[in-house]
Amino acid sequence: MNEEKYLFVVSGPSGTGKDTVVHTLLEQHPELHKTVSATTRARRGEEQDGRDYHFLTVPQFEAQIAQEGLVEHACYCGNYYGTLKSEVEPFIQAGTPVILVIEVQGAGNIKRLYPGATTVFLMPPTMEELERRLRSRGTDSEQAIQNRLRRAEAEIALSADYDEHVVNDVVETCAAEIYDIIREKLAAPQ
Ligand code: 5GP
């Protein structure tokens, strides 16, 4: 369906810098809408309810599933994450490009539900660089870093089905490449 071409999914392993890249993309192109997901995980640091996530309890999240209020959801590290219908449908119906920053399982579900969506996987320049970025955060234990690196390898292996792969070497260049993908998709004949 025509509306589906307005859907863009961005995924990438933890430490790839996808949040920074998408933040830069939105700053440069405020006409794009980034969905605010629902999650049951605890709020971190400066995060605000309704801006960074809709923070829900497990019963609230399960009620959303039961009421079919989500277009996709997944369990990640023991917490629920999901995309609300209300964050997607009114926007694509109005012809506003929508960006979902979600993990690989959710991306697969979106592609099955909306085959016309475009999936973009962000790659670290090298695994060594990914490890360097994870260590430079200075917040994780050695065990957590090793877990994230193993998870990154598994996610990269699962990324073969994505429509596009973009390497995040320089943030601005990566954001510009994603914007080119969006522009080309919107300009393409149906
Ligand atoms: P974090 O807890 O670090 O904010 O997010 C953990 C993972 O969940 C990230 O890969 C993030 O992209 C993914 N995520 C965030 N929102 C959603 C969502 O609505 N659906 C799915 N499937 N994954 C999400």
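Trainee: What makes the radius of gyration of the protein chain agree with that of a compact globule?

Mentor: In this predicted model, the protein chain has a radius of gyration of 16 Å, and a compact globule of 190 residues would have one near 16 Å, so the two agree. The radius is taken over C-alpha atoms, and the globule rule is 2.2 Å times the number of residues to the power 0.38. The C-alpha atoms fill a box of roughly 45 × 40 × 30 Å along the principal axes, and 43% of the 190 residues count as buried (under 20% relative accessible area, with a 1.4 Å probe and protein chains only).

Because this is a predicted model, local features need pLDDT of at least 70 and side-chain atom pairs pLDDT 80 or more, while totals for chains, interfaces and linings use all residues. Residues are numbered from 1 along each chain as its sequence is written, and side-chain values use heavy atoms, with hydrogens and water left out.

Trainee: How many helices and strands are there in the protein chain?

Mentor: The protein chain has 7 helices and 9 strands, which are DSSP runs numbered from the N terminus (helices H or I, at least four residues; strands E, at least two).

Trainee: Why are the buried residues of helix 4 said to line one face?

Mentor: Helix 4, residues 104-113, has Val104, Gly106, Ala107 and Ile110 as its buried residues. Seen down the axis of helix 4, these buried residues fall within an arc of 155°, so they line one face of the helix; the arc is that of the directions from the helix axis to the C-beta atoms. They pack against strand 1 (7-11), strand 5 (70-76), strand 7 (98-101), strand 8 (118-123) and helix 6 (142-158), where contact means heavy atoms within 4.5 Å.

Trainee: What makes strand 4 and strand 5 the edge strands?

Mentor: An open sheet is formed by 4 strands in the order 4-3-6-5, with mixed pairing, and strand 4 (54-55) and strand 5 are its edges, since each pairs on one side only. Two strands pair if DSSP finds at least two bridges between them. Strand 3 (residues 38-39) is joined to strand 4 by 2 bridges and runs parallel to it, with Thr39 opposite Phe55.

Trainee: Which way do strand 5 and strand 6 run?

Mentor: Strand 5 and strand 6 run antiparallel, joined by 6 bridges, with Leu70 opposite Leu84 in strand 6. The two strands form a hairpin with 2 residues between them, and Cys77 in the turn has a positive phi of about 50°.

Technical notes. Buried < 20%, exposed > 50% of the residue type's maximum accessible area, 1.4 Å probe, protein only.
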